[in-house]
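I opened the file to look up how the chains sit against each other.

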There are 2 protein chains.
Amino acid sequence: MKKKILVDMDGVLVDVYTTFFKLHEQETGQRLNLKDIAGLLEEEAFINQRKWVSTPGFFRDLPVIPGSRKALQRLNDLYKITVVSLATEFPYCLTDKQLWLHDNFPFITWQQIVFCGNKNVIKADIMIDDHFKNLDHFKGKTILFTQPHNILIRDSRHIRVNSWAEIEKLLLPV
Amino acid sequence: MKKKILVDMDGVLVDVYTTFFKLHEQETGQRLNLKDIAGLLEEEAFINQRKWVSTPGFFRDLPVIPGSRKALQRLNDLYKITVVSLATEFPYCLTDKQLWLHDNFPFITWQQIVFCGNKNVIKADIMIDDHFKNLDHFKGKTILFTQPHNILIRDSRHIRVNSWAEIEKLLLPV
């Protein structure tokens, strides 16, 4: 039986940071770089982040994380993939997120999508995520996708990867 | 530890049929009653059903199933409740469904909501649902909420209830 993988959206499939940097500079005049925000959660790094993610349309046109489309398509043949996004805190992002997935990952069907407010209720064998709050409570194998907010934390419980190429090496046959 | 209950939306918290009957009569001139549609799935009973549920705004103002608010509020004190809706087939319903929940069940927090395309990935102890496709694969205790589409099926695997008062009797202390 195929193993089940939960794949996070923001910070794993969706590049939110490029847009966060751009909007932050537009709205505050301050140009930040990765070093400035290392170790800070998104809402700590960008003062207007919660306003942006609450705005209808924000999640509609964000860039795709490099390499994720090709890798996820290959994984989708060998595993049971579910894309899971912690999204119910911001009701207006829900439809945007789903339409974004349809546009950018058309091989992921609507049956493979979950929007929730707590990932603890979802069961699977492997979880790929950039947040400890999701990975720490997961029972299976956990893969931590490097993002600025988690980059300073050393943690042996999860396998850290810095790119989708590294995920391919971990989960796909040579 | 509190037991976990998954509570379906349409047909369990949301009264979809009153509106289906009304729209069907408006659009076709045909007045249907419960007997006419017994045993038929919603999309079989109402020729325009898939058009309606795909339309932005449809899920925003539907009536609440009688007794569900009071009962769910009591259950929410004694159990870990997650409201789970099979909703990702229709991207435009997602935001509407969440706003409806906020309006009508304000004690259900965003952390307690799941929108998905397949309920098999959600784990819990008890499931309340009106569809066999969801109940049949669930590992825990299953409660079938009577609706016209399931009313003709005799099935001993699930506990059939005809109202929220019956759910209260089953799950709440006397």
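**Notebook: the A/B interface**

I counted contacts first: 22 residues of chain B are in contact with 22 residues of chain A. I note that the model is predicted, and every value here is computed from it.

Next I took the area. Chain A and chain B bury about 2300 Å² between them, and 61% of that lies on carbon and sulfur atoms.

I checked for salt bridges between chain B and chain A and got a count of 0. For polar contacts across the interface, the rule finds 14 residue pairs, with both residues of a pair at pLDDT 80 or more.

I then sorted the side of chain B that touches chain A by element. Helix 6 (93–104) and strand 3 (113–116) of chain B are the elements that give two or more residues to this side. Helix 6 of chain B has the largest share, 5 residues. By class, I have 11 nonpolar, 9 polar and 2 charged residues on that side of chain B.

Last, I looked at strand pairing between the chains. How do strand 3 of chain A and strand 3 of chain B run, parallel or antiparallel? The two strands run antiparallel, and 3 bridges join them. In chain A, strand 3 covers residues 113–116.

Key:
Residues numbered from 1 in each chain as written. Chains lettered and ligands numbered in written order. Predicted model: local features only at pLDDT ≥ 70, side-chain atom pairs only at ≥ 80, totals over all residues. Heavy atoms only, no water. Contact = heavy atoms within 4.5 Å. Buried area = accessible area lost by both parts, 1.4 Å probe. Salt bridge = Lys/Arg side-chain N within 4 Å of Asp/Glu carboxyl O. Polar contact = N/O pair within 3.5 Å; in protein donor to acceptor, adjacent residues only side chain to side chain. Helix = DSSP H or I, 4+ residues; strand = E, 2+ residues; numbered from the N terminus. Nonpolar A, V, L, I, M, F, W, Y, C, P; charged D, E, K, R; others polar. Pairing = 2+ DSSP bridges.
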